[in-house]
Each structure stands twice: as structure tokens, then as C-alpha cells.
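My notes are below the display.

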Amino acid sequence: MGGGGAAKGWLGQMGFTKSGGSINWYPGHMAAATRAIRQRLKLSDFVIEVRDARIPLSSANEDLQPMLSGKRRVIALNKQDLANRNLMHVSNFEHSSS
């Protein structure tokens, strides 16, 4: 059947590593975007960081946080209409950078 061959090809595209089978799930377009953002951050004095209001802490890009720590920034919460208002605390985001 054709399904077995498709699955084998799909697994081959997942990029298993030599160290024992970890899957490299980070798509190339995301890596390219991260590199572009890093280059632009070097030239920026001020950053507007957009996060998902439903998951404001975990939607932060941890790879970029070290570069953002020295920048003046505003954290904008997107999708606030979908967030649980009882759990949202805007004060958690005030003074997030010095």
C-alpha cells in the first residue's frame, strides 16, 4: 500500500539526530525569521513584543529574551478577548525590563 511509503518519507523529513532519535521540529522558516529578528534587534533601541494574552509568559520567545533584556520595550497582549479575565494580571508585565 502507498501509506507505508508516505509514512517513511514523512519520518525522514523529521530530521532525526545522530545522538539518539530526537526530532528536529524547528522549521527552517522559523529559524530564518529568528536570525532576521536577531539582526534587526542589534539596530533597535525600542521593541514592541507581542504575546498571546491567553499564555503571556509561555508565549515569550525564550531564545530572544537575552537580547531583549537591555532594550526598552512594550509588551502588547494579543487576543485579549479570548483570555480568561480572572487570570490576567497586567501588573505581571509592568517593568519587565529596566
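**Entry 1: the strands.** I noted before anything else that this is a predicted model. I looked up how strand β1, residues 46-52, sits against β2, and found parallel pairing over seven bridges. For Phe 46 I found Arg 72 as the bridge partner in β2.

**Entry 2: the faces of β2.** Which side chains of β2 point to the buried face? I listed Arg 73, Ile 75 and Leu 77 there.

**Entry 3: Arg 73.** I checked this residue of strand β2 on its own. Arg 73 counts as buried because its relative accessibility is 14%, and the cut-off for buried is under 20%. Its side chain makes polar contacts with the side chains of Glu 49, at 2.7 Å, and Gln 65, at 3.1 Å.

**Entry 4: salt bridges.** How many salt bridges does a search of the whole structure find? I got three. In one of them, Arg 73 joins Glu 49, with the closest N and O atoms 2.7 Å apart. That pair links distant parts of the chain, with Arg 73 in strand β2 and Glu 49 in strand β1, 24 residues apart. Glu 49 also meets Arg 51 in a salt bridge, at 2.9 Å from N to O. I looked up burial for both: Glu 49 has a relative accessible area of 9% and is buried, and Arg 51 is buried at 8%. Asp 52 forms a salt bridge with Arg 54, the closest N and O atoms being 2.7 Å apart. Shared partners join Glu 49, Arg 51 and Arg 73 into one network. Asp 52 counts as buried at 14%, while Arg 54 is partly exposed at 41%.

**Entry 5: Lys 71.** I found Lys 71 in the loop between α3 and β2. What does a buried lysine without a salt bridge have around it? The nearest side chain of opposite charge is Asp 45, 5.5 Å away. A salt bridge needs the atoms within 4 Å. The side chain of Lys 71 does reach two backbone oxygens: that of Leu 41 at 2.7 Å and that of Ser 44 at 2.5 Å.

**Entry 6: the patch.** I ended on the surface, where Phe 46, Ile 48, Val 50 and Val 74 form a nonpolar patch. Together they have about 380 Å² of accessible area. Strand β1 gives the largest share, three residues. Val 50, in β1, counts as exposed at 54% relative accessibility.

Technical notes: Residues are numbered from 1 along each chain as its sequence is written. This is a predicted model: local features need pLDDT of at least 70, side-chain atom pairs count only at pLDDT 80 or more; totals for chains, interfaces and linings use all residues. Side-chain values use heavy atoms; hydrogens and water are left out. Buried means under 20% relative accessible area, exposed over 50%, partly exposed in between (1.4 Å probe, protein chains only). Helices (H or I, at least four residues) and strands (E, at least two) are DSSP runs, numbered from the N terminus. Two strands pair if DSSP finds at least two bridges between them. A polar contact is a pair of N or O atoms within 3.5 Å; within protein, one must be able to donate a hydrogen and the other to accept it, and residues adjacent in sequence count only if both atoms are side-chain atoms. Patches are made of residues with over 30% relative accessible area and no salt bridge: like charges are joined within 9 Å, nonpolar side chains (Val, Leu, Ile, Met, Phe, Trp, Tyr) within 5 Å. Accessible areas come from the Shrake-Rupley method with a 1.4 Å probe; for residues, only the protein chains shown count as cover. Lys and Arg count as positive and Asp and Glu as negative; His and the chain ends are not counted.
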